[in-house]
Each structure stands twice: as structure tokens, then as C-alpha cells.
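Hi everyone, thanks for coming. Let's have a look at the structure together.

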Amino acid sequence: MTDTAVRPASGTEAPLVLTTDAPRTLGFFDQFTLWGNFGISLFGPVTGALVAAYTGSLWQGLLAVVVGCGIGALVLGGAAVFGSQTGAPAMASLRGLFGRRGSMAPTVLNIAQNVGWATMEIIVISQAAVAVTSERWRWLFVVLAGIIATTMAVRPLGSVKLLRKFMVWLVLAASVFLFVQVLSKPSHALPQDQVFGFWPAVDLAAAGVVSFAPLAADYTRHSRTNKAAFGGSALGYGLAAIGYYALGVVAVATLQTNSDDVITALVTLPAGAIALLVLLVDEVDEAYANVYSTTMAVHNLVGHIDRRWISVAIGVVATGIALFIDLGNYTQFLYLIGSVFIPLFAVAIADFFVVSKMKWDVSSTSKFRWQPTVAWLIGFIAYQLVNPGTVAGWSPFWTDIQQALFAHHPVPGWLGATYTSILVSIIAAIVLGRLRRPTAQV
């Protein structure tokens, strides 16, 4: 439940306010197809092409995709159980970790990242449509994508059923076609001018998957069981992400493209435009997911406002931003998301399953807990020290600290920020959590 005074849901659509209990209508297959659709994204080949550039090797790139997406899928699955167990949307469920007031910090961060992701998705949709048609129609594709995504966010559970019944089969056929076309081409050596190493590539792949962890409970609160929530999200999104990231890695080797031009290269394949058009339509579900989850995050701050009006406002904002910006800092955006949410959800998973024994107080009266807050900070610092990234005005600060702390023993290249911060965060959460056992019940 999400509050101290819960009203029953009417019908089978998502509640309009936070204090209404969520209907439990989604089984494993519903969630598997939903998360599979989320994982099948035009961002997949773009991210895969970046992974290929970071490794400079076809086989290392594919391995980095499997390892990174595998780690991310486990985190995603763990976060999904928060919703199925508590019945609360994602940010409201974090009241059990940080308390009502403490949950506002990750909520604000999540609103910022979801608006950013919704904007990025709309941009990708418009760019793919332009690759098939003409640049002069970009504004129209931006507006259409924004309208459709917002409409889906207004009726989220109805959209899940639509994706399950129709889009999954069209998308599967288009995906098989693209893989056959790309794999039929001879492979070439990958460029070596942007090689950062295997583990930075793993970090990049994991960040893309973990970016959906803050959204998971918004949908799995409607799950019938915890097993369906975990399996549907982890398997659905993980397998789809592995496939589409791998498509980008292979495309770099066979089509001799890069992250900036990989979508255009896929369009130039025989009948590639048709397959991309199918994926273009399906891509709207990513934007819808981010618009709806931004709405759910806002509900943790102001739960009495009708979510439909919030979704419309967010859709308008994301669409407006998409008209005026491009994809310039996509890589840095992914790293910054990873450095915040990877340790956050590692702490949340450790606390939920080990410390709190799946008993979180997610009501409006839940108290602040300092232990997971400190554990999150420790995990965040660990991520930054291993991989400061390349964000202007941010990364140099952490690079200086890294060099000062490890002047005589530099951070080894095999030490990945993702699994390091996950391990550090989990250990910190469990150790600190044992200092004071929570007594609140769900």
C-alpha cells in the first residue's frame, strides 16, 4: 500500500491518485512482453556501437554487452519486486529505504532523468523517421511522438495490453530481419581511436539497463506475484537489451559505422527502412514509460493530483525540449545516471531483501533512515573514484581525488565501476543496516 488511508481501485486501469490501491492484473507474460518491448529500442544499437568503440573488438564488445546487461537485469529485477511486494510506485516505495522526506532526493533526481530520457527517446524517434523520410519533417515527428507517448501514459495498463497483443510480434519479425541482414555482411576490424577498455564498456552497457530500475515498480505494483515481477522484468528487458546492444556492436564491424550513424546504416540495408519503421513505432513505448514514470515520481511529492494531468504536462515539456536539442552528450548522460542509480538500487536491494526482510514502511509517516543514506553515498563515491567519466565541470574534480588517493597505486583497468559500486553499496547497506534493525511494517 502507498499511504495510511488507501482507497480501493476502480476498474483495471492504474489509480489516478497515490492513495488508491493498485489493481493486480499483470502476470509473467504481460510483464515479459512489456519489458521486452522496453528493451527493444533504437537506443540499443546506438549504445552497442559505443560499446564496440570502447572495446575496439567485436568479441570483447559482445562479451561486455552480455556482462553489463546481465548485471543491470539483476538490479532491474530486484527493483521490480519493490512494487509487487509493497503495491507502491517506484519512488514511493523508496520511502521504506529513506523515509517519506528522505525519498524526495532520489525522487527529484528520477524526475530529472526521466524527463531527460523521454526527451532523448522522442529525439531518437524523430531522427530515425528523418533517416527514412526527410529532415524538413523532423518537427512533425517530434510532435507526433510526444502526443502518442503522452496518450499512452494517460492509459498505462491499456497500453501494456496493446503492446502484448500486437506490437511484440511485429517487433520480433523486424528484429529477426535486421539481425539476418547485419550478420550476412563480412566483418571488419574495429577502429582503435576511442578504446577505453572492457570494463568501461561494461559500465556503459549496465548503465543503460539500470536506468530503468527507477521505473520498475511503477509497473510491477500491478503484478500478481513477486516471481512474475522479477522474472518478467529481468528476462524481458535483459534479453532484449543484450540483443539490441549486440546488434549495434555487430553493425560497427559489418557495416563499418559508428554510434552517430548506426541508425542511418541500418536504414540503408535492403528493406531496412521498413524494419526501422516498425521499430520506430515501437520506440514510442520508451517515451511513454518515461512520461508515465515521471508522473509516478511526481506523485510521491504531490500524490493528490490526478496523474493524467501530470502526464500531459510532462509530455508537453519533453516534446518542447526535443524540438530544440540534440544527442550531443549521450555517453556522459548514461555514465552520470549510472553513478547515481546503480549504487542507489544496490543499497535498496540489499536493505529490502537482507536487512528489512521485505518489510518496508511506505506510508506517508515513514521515518528517515540514515544507514541506507550513508551506504548510498559510499557506493556513489566508489563509482566516481573508479570511473570519474568525462562530464565537463564534474569529472575533473573526481579525477583529481582519484590521483591524490591512488598516486602510487593507480586504479587497475580491470576494476569496473559498476560491479565495484554494487559490491561496496551492498556491503555498506548490510553492515550499517545491522546497527539498527527497522521495526516498521508494510
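The crossing of α9 and α11 is right-handed, meaning the near helix is turned clockwise from the far one by less than a right angle. Helices here are DSSP runs of H or I, at least four residues, numbered from the N terminus.

A quick word on the source: this is a predicted model, where local features need pLDDT of at least 70, side-chain atom pairs count only at pLDDT 80 or more, and totals for chains, interfaces and linings use all residues. Residues are numbered from 1 along each chain as its sequence is written, and side-chain values use heavy atoms, leaving out hydrogens and water.

So how do the two pack? Helix α9 spans residues 198–210 and helix α11 residues 226–254, and they pack at an angle of about 135 degrees with axes 11 Å apart. That makes α9 oblique to α11; oblique is whatever is left after under 35 degrees (roughly parallel), over 145 (roughly antiparallel) and 65 to 115 (roughly perpendicular). Axes are lines fitted to C-alpha atoms over the stretch in contact, and angles run from 0 to 180 degrees between N-to-C directions.

Which residues meet? From α9 we have Ala205, Gly208 and Val209, and from α11 Tyr237, Ala241 and Tyr245, with contact meaning heavy atoms within 4.5 Å.

Tyr237 also turns up among the residues that Phe38 touches, including Phe212 and Tyr219, leaving aside residues up to four places away in sequence.

Lastly, Thr254 lies in helix α11 too. Thr254 has a relative accessible area of 10%, so it is buried, which means under 20%.

Notes: Helices (H or I, at least four residues) and strands (E, at least two) are DSSP runs, numbered from the N terminus. Buried means under 20% relative accessible area, exposed over 50%, partly exposed in between (1.4 Å probe, protein chains only).
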